[in-house]
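Student: I've got a new model on my screen and I'd like to learn how to read it. Could you take me through it, feature by feature?

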Protein chains: 2
Amino acid sequence: MIGTERAVPRKRLTQEERSERSRGIILRAALKLFSTVGYHGTTVRDIAEAAKVSTGNVYHQFPDKESIFRALLDEYFEQVASPEYPLNKALAAGAFPNDMAALARAARESVAKYRPYVALIYVDVVEFDGSHIRRFYSEMADRFGAFLAKHGPELKLQNLRDGVRPRTAMMVATRFFLQYFSVEVLFGVPNHFGQETEPALAEIVDILERGMLQRRP
Amino acid sequence: MIGTERAVPRKRLTQEERSERSRGIILRAALKLFSTVGYHGTTVRDIAEAAKVSTGNVYHQFPDKESIFRALLDEYFEQVASPEYPLNKALAAGAFPNDMAALARAARESVAKYRPYVALIYVDVVEFDGSHIRRFYSEMADRFGAFLAKHGPELKLQNLRDGVRPRTAMMVATRFFLQYFSVEVLFGVPNHFGQETEPALAEIVDILERGMLQRRP
């Protein structure tokens, strides 16, 4: 194939397309590095080498290393806010409060799919004292509130027992399952409750349902 | 005071005491660096400079950087296993299942007191793919089981409702509260459930109690 590449250009990219493409390649390389050797352990030169571009090209796209890191967190927050994020899909389908096993499965899928981005959160907590992600977490309750304001009427929230506020209960369940599967997926410890995931989840779902739902007559 | 220090040696340290002391100083410096700039972002030279010792001194105490990191994780695991660890104190006093607000306070104290060590867990997850902490987490359920075998009779576990296994329920509560306060203490987001800690905990404790305990007549 050597020598033919120049001869048969499939498609000429515009300047803007090339720039967008190289920005994407740089971000993918940076995500891999930041999420495995940390922020301070990664240099702009490392990123350029991994992306197979010049450092000049990196600096053409981003003013500095920190703005690459921020761009990756922004990508993640955008995904987490999207209706396509597995946890959001499950919530919109009524997994809370009426099928918490489905909520758990969606939490697992969310962590597995975005594993390197979840690692970036840890990197931010350690190396930036949480300063980039603080706003995201401090607005978390508001996002759940907005979600409930929009989807509440479809969710059969009347199944919650008196005194249980939907937002708190929804956060307890989702935060718990995300953490459970972070240990499984990111820490690499599959059965940290001392039993297989399915029976462990069945016990946990039973506790949450009894804690949150009306008693069936 | 300059010039008097040599003249009035308070106490002559033995070779062994000096070595132990310098080992401790190196570990404190390394903990601060690893927990704020990560493992790959820290060099042995950085540690020596922060500890105000020579790199030769560091290598006299530790064969390499990774063994310093491992020694710090071992320190933490020893603390977490000790009866003095705030969460263990609360558990031994019966906070689970009969005073989960006290369990929550103990979780907060545990995270606040060992904050830099909790950060090391994140560093291990990111930079070592969790390889140092995996065993600790995979043995977690066994440790809770052993704790229950030892302390169970004193804990009024008969208050748990039928079908709720003590170990699972104890892990659900402790893991949840540790995670809640990790967001508060390490991520720097105090009210991430959208309200002050006390009322948020009251709602959460109510859900857990209803989920785990017998219904009072």
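Student: Leaving aside neighbours within four places in sequence, which residues is A:Phe177 in contact with?

Tutor: First the idea: contact means heavy atoms within 4.5 Å. Once the neighbours within four places are set aside, A:Phe177 is in contact with A:Met100, A:Leu103, A:Ala104, A:Ala107, A:Leu201, A:Ile204, A:Val205 and A:Leu208. Some ground rules before we go on: this is a predicted model, where local features need pLDDT of at least 70, side-chain atom pairs count only at pLDDT 80 or more, and totals for chains, interfaces and linings use all residues. Residues are numbered from 1 along each chain as its sequence is written, chains are lettered from A and ligands numbered from 1 in the order in which they are written, and side-chain values use heavy atoms, with hydrogens and water left out.

Student: How many residues does the largest nonpolar core have, and which have the most contacts inside it?

Tutor: In soluble globular proteins, nonpolar side chains tend to be buried together. A nonpolar core is a set of buried Ala, Val, Leu, Ile, Met, Phe, Trp, Tyr and Cys residues joined through side-chain atoms within 4.5 Å. Buried means under 20% relative accessible area, exposed over 50%, and partly exposed in between, using a 1.4 Å probe on protein chains only. The largest core here has 167 residues, and A:Phe96, A:Phe177, B:Phe96 and B:Phe177 have the most contacts inside it.

Student: Is B:Ala106 buried or exposed?

Tutor: Buried, since its relative accessibility is 5%. B:Ala106 sits in helix H8 of chain B, residues 100-113. With residues up to four places away not counted, B:Ala106 touches B:Pro86, B:Leu87 and B:Ala90.

Student: Now the two chains. How many residues of chain B are in contact with chain A, and how much area do the chains bury?

Tutor: 51 residues of chain B are in contact with 51 residues of chain A. Buried area is the accessible area (1.4 Å probe) that two parts lose on being put together, summed over both. Chains B and A bury about 4400 Å² between them, with 63% of it on carbon and sulfur atoms. B:Val126, B:Phe187 and B:Ile207 supply 15% of the area that chain B buries against chain A, more than any other three residues.

Student: How many salt bridges does the rule find across that interface?

Tutor: A salt bridge is a side-chain nitrogen of Lys or Arg within 4 Å of a carboxyl oxygen of Asp or Glu. The rule finds six across the interface of chain B and chain A. A:Arg115 forms a salt bridge with B:Asp129, with the closest N and O atoms 2.9 Å apart. As for elements, H12(B) gives the largest share of the side of chain B that touches chain A, nine residues.

Student: What about the backbone: which residues does the cis peptide bond in chain A join?

Tutor: A:Phe96 and A:Pro97, with omega about 0°. A:Pro97 is in helix H7 of chain A, residues 95-98. In chain B, the bond from B:Phe96 to B:Pro97 is cis too, with omega near 0°. For phi, look at B:Lys52: its value is near 55°, positive in a residue other than glycine. B:Lys52 is in the loop between helix H3 (44-51) and helix H4 (55-61) of chain B, and is exposed, with a relative accessible area of 77%.

Definitions and conventions
Helix = DSSP H or I, 4+ residues; strand = E, 2+ residues; numbered from the N terminus.
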